[in-house]
Amino acid sequence: MSGLNTVPDNINFASEEKKIAQKWKDEDTFMKSVELSKDRPRFTFYDGPPFATGLPHYGHMLTSTIKDVVGRWAHQNGHYVERRFGWDTHGLPVEFEIDKMLGITGPSDVHKMGIANYNAECRKIVMRYSQEWEVTMGRLGRWVDFKNDYKTLYPWFMESVWWAFSELHKKGLVYRGVKVMPYSTGCSTPLSNFEAGQNYKDVVDPAVFVGFRTVENPNRLLVAWTTTPWTLPSNLALVVHPEMQYVVARIKQLPLNMLCWKSDLGIKYEPLFPYFREQPNAFRVLNDTFVTSDSGTGIVHQAPYFGEIDFQVCVNNGVIARDQKMICPVDEKGKYTAEVKEFEGVYVKDADKLIMKKLKEMGNLVRQAECRHSYPFCWRSDTPLLYKAVPSWFIRVETLVPKLLANNDETYWVPSFVKDKRFANWLRDARDWAVSRNRFWGTPINLWTSEDGEEVVAISSIAELEELSGQKITDLHRESVDNITIPSKSGKGVLRRVSEVFDCWFESGSMPYAQNHYPFENRKTFEDNFPADFIAEGIDQTRGWFYTLLVLSTALFNKPPFKNLICNGLVLAADGQKMSKSKKNYPDPIGIIEKYGADALRLYLINSPVVRGENLRFREEGVRDLLKDVFLPWFNAYRFFVQNVQLYEHETGNTFEMNNFKTSDNVMDKWVESFTNSLVSFVRKEMDAYRLYAVVGPLTKFFDTLTNIYIRLNRKRIKGDLGLEDQQNALGALGRVITLIVRLMAPFTPFFSEYMYQNLKKVIGTKEESVHFLLLPKADENVIDETVERRVEAMRNVIDLVRLVRDREGIAVKYPLKEMIVINRDSQYLEDVKSLEAYVLLELNVRKLTVSQDKNKYGISLKAEPNFKLLGARLKGEQKKVADYLKNKISEAELEKFLADGKLTVLGHELSSEEVAVSYASGGDSATHGYKTHSDAKTIVMVDTTEDESLVEEGLCREVTNRIQRLRKQAKLVSTDVAFVNLLVTPENSQLAQVVAANLANIEAATGTPVKIGKPADGKPPTATNKSAVKDAEVELWLFAEGDSFDGITILDGSKKVRVQIEAGNEKLNTFADLLYHIRSSLDLWNGKISLKNSDGSAVVPTSNLSSFSGKTLQLVK
């Protein structure tokens, strides 16, 4: 025998997944798969590094699932795929946690405790949740190497980052400058524009109209509007639009003239505050086209070191110079410095009220109001960001823009619109990249400079620093390198390292080189496999990781960093809001996995709009529905196959070997194998294009097709009711398609595919330990038969239409119907339906099938169905007239011609088949009285629903037969178990009672169960009972299992039961060992000890005579 394990009636998917996960762990299955593939061509994958200071959420699970599916697919498609996990360990997320923990309020606190001590604290927490990450990724089914990971804090990783920056320095792409950047006063650091865009909030800020007195006429004010009064002490200029019309106005409560003009430049005004009065070329009116009239006064106040546009406009007009001392009287905590004596030490946002009060006292406050607007907050400290000038080290990106766009064009993105629009637009407007941060825990910038900044050395390696400094280097963090000096080659004393560290985005952008310690190691491996074949992250990385990868790869190699990219959308809460721990608006991801299984969650995520770059509103019901609609039908099909293989082996004594049974000439066998191989071909094509979203839908629908078409229509063949050869053919076909799909689905649903493969491999002749060691199946073109698929598709279409009629009319399939008529213009379609007439009539329980192209014969007419959305978008106001014509005036002849030509002209507008659909309508002709109809765009079915006495009686018989069969199932009886049923119908004169009496023999034959009319006699309790209504009557059933009449031995194993004949034909059980062997074989219990006990609980003695147990029931003990 094949030794197939018996499949239980029910399954806990999550529980079985845990067993598979433990099996993989115990057997090191992932690393074995990598080892087995080491000689294959490489498929290179880059893993974007997350921080381990937080726990994984749905966004991480989504990208991890995408990465795992593609990685598994590439591996099983004949590649060697190194899958190393990466960790982002430096930067603001870590420092912010330490600052909170230690009460650090600014850089001065860090210097007091010492950078070494501070960084030691950071080092302690960087891997805080690494174990949780590893457990979660394992439970999700993601195969990734945590042991051979990369961390941005590894000295060898940092050394490659140094190399990359030194190369940029050699190319002249590095310079020092000033940039107005989003600045977090809560974390005392500038942020990238990407980080600044992560946390916008609606806030209410002051909106003040401030008057600036002109020098020529102190009674005239230039009125500007601002929502940041705190920037007014740093005002150096005003700007007007050169083409706007300005007017002069007088305000009653102010005895002043209001000056407004058209481009009357050269006007100077008095500074509001005296702090920077000495600044040359300041306090004058400039013009620029950035000024708008949709808010404010058309006059914009300029504080150049607190606004990016302000800075550029003032530089362009000579108000400030790029290399001058900054006028930025705000410290790293957002408080005024001593330069603004009046407000020194006050946090700028708190100073707004003080400044407005001062302006009022001075007579410069024209009006005070409030403004509600969206404002950026720090994504870590949740404090308002300031735009503030910061000295920084820059990479020249603006000069690289043409190359960036050209390299972007060489990449392939899913979805493409993110690449072509969002990302390309970002690249076109790219600014020079400020890569330095005034922080402590990060990769130090590898520049050593003289005191005057004239001599600069960009260190490219640890060896170079050791050679130049004469010191041994073991670590590259600030505490290890800040005090290292290099002798000047130009007589300028010693060179010292600049104080800044790298923006952590520079580190993650360097990971393709740094994870391989390039160019110090693995040089050939990297260069032979760069660019990477694949990366995947969320759409928010278009301004983050995707961007930094492209900038560095373009600057270093003039190549794109990757070939293929999947860009996913965001996972939101069910209400469309951002998932929030505080709001508790989403279910715990681990809880979802424990409830429904990881495979269901994986399939839910990648079968959603989120894989097309759109957002997903996460619904737990969606995961549950996938379990119900996909995994349970799949499990039931697998269980049905195994049960019937076991039945075949039991009844024939033959071992089932699937490869021995080839494709038969049976049309349904040919169809199911053709259909499945066509699916394999489709999935391969779509996966080659990284369109995961296109793959999962057809894969999931496959199981509905398998169970509701093939298994449902071939159940008797599979069970052997139509002969041994037919059973072998059907079992072989079913086994092949189930195995094919198990292998095809392995990258998508790794746990359940493995669960089934471990059993199926016993009949499919494979020796591989895991389904993930097998290569993906290729479509067998020899079994693909498009004609057969077309025929069955036509049959399915007709079956679905008739089922809808039955559902609508409330006529159960148990009740046969006289006739169904199928009308379609296409003769091939009708021929296809007719060729499968037997299956159509059997499935729908209809006596006669008629097909016709003549719709007029049955009173059927064509009907136009306008697509209002498409027509409205194109025709605008004409849509109503065209739609009215289509609905009420169009002729049958016009619609016939439209179906033939594919185009239609209405009121001068040519319409396409996309804009107008044509369906059938029933005219209610007397010739079709009693027929109910349903249609789609091409086919109409007409079903005779009139009652016929013989058909009604047959339906009633089926009702009773069905109830007896369900009762046997409820009693857990197998087909060979003997039982009888008492049946009582009330009222006794009902049609049901008469039908049962007249068809008793047919009911007994169909159920294999003797039936007695009337209540049972008192005495033995029934094994199972049922009472239910059937039309206008009530039927009550009592089932009695005839266990005592069996002269063999009945063995109970929980809910399972095995009946063993002591003597059957020429075979006889002679010893207790023979009995145990028979039990092991029947229940597939080849491992562990088993014994038996009597009904009173006493143990069965192995030396007992087997004949003494004849007719008895024994309990199995494991």
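Student: In which hand does H25 cross H26, left-handed or right-handed?

Tutor: Please note at the outset that this is a predicted model. In it, the crossing of H25 past H26 is left-handed.

Student: What angle do helix H25 and helix H26 make, and how far apart are their axes?

Tutor: Helix H25 covers residues 724-745 and helix H26 residues 750-764; they pack at an angle of about 140 degrees, and their axes are 10 Å apart. Because of that angle, H25 is oblique to H26; only angles over 145 degrees would count as roughly antiparallel.

Student: Which residues of H25 and H26 meet?

Tutor: From H25 come Ile738, Thr739, Val742 and Met745, and from H26 come Ser753, Met756, Tyr757, Leu760 and Ile764.

Student: Let us turn to the aromatic rings. How is a pair of rings described?

Tutor: One gives the distance between the ring centres and the angle between the ring planes. Across the whole structure, a search finds 63 aromatic pairs. One of them joins Trp413 and Phe546 in an edge-to-face arrangement, at 5.5 Å centre to centre and 75 degrees between the planes. Trp413 belongs to strand E14 (residues 412-414) and Phe546 to helix H19 (residues 545-557), so this pair ties together parts that lie 133 residues apart in sequence.

Student: Are Trp413 and Phe546 buried or exposed?

Tutor: Both Trp413 and Phe546 are buried. For a stacked pair, consider Phe675 and Phe702: 6.0 Å separates their centres, with 10 degrees between the planes. Phe675 is in helix H23 (residues 667-688) and Phe702 in helix H24 (residues 692-719), so the pair links distant parts of the chain, 27 residues apart. Phe702 has a relative accessible area of 2% and is buried.

Student: Which residues do ring pairs link into a cluster?

Tutor: The cluster includes Phe675 and Phe702, together with Phe13, Phe631, Trp634, Phe635, Tyr638, Trp671, Phe703, Phe752 and Tyr755.

Student: Finally, which residues of helix H29 are buried?

Tutor: In helix H29 (residues 837-844), the buried residues are Tyr839, Val840, Leu841, Glu843 and Leu844. They pack against several elements, among them H23, H24, helix H27 (786-809) and helix H28 (827-835), as well as strands E26 (817-824) and E27 (846-852).

Definitions and conventions: Residues numbered from 1 in each chain as written. Predicted model: local features only at pLDDT ≥ 70, side-chain atom pairs only at ≥ 80, totals over all residues. Heavy atoms only, no water. Axes fitted to C-alpha atoms, helices over the stretch in contact; angles between N-to-C directions. Helix = DSSP H or I, 4+ residues; strand = E, 2+ residues; numbered from the N terminus. Parallel < 35°, antiparallel > 145°, perpendicular 65-115°, else oblique. Left-handed = near helix turned anticlockwise from the far one by under 90°. Contact = heavy atoms within 4.5 Å. Phe/Tyr/Trp six-rings, centres within 6.5 Å; stacked < 30°, edge-to-face > 60°. Buried < 20%, exposed > 50% of the residue type's maximum accessible area, 1.4 Å probe, protein only.
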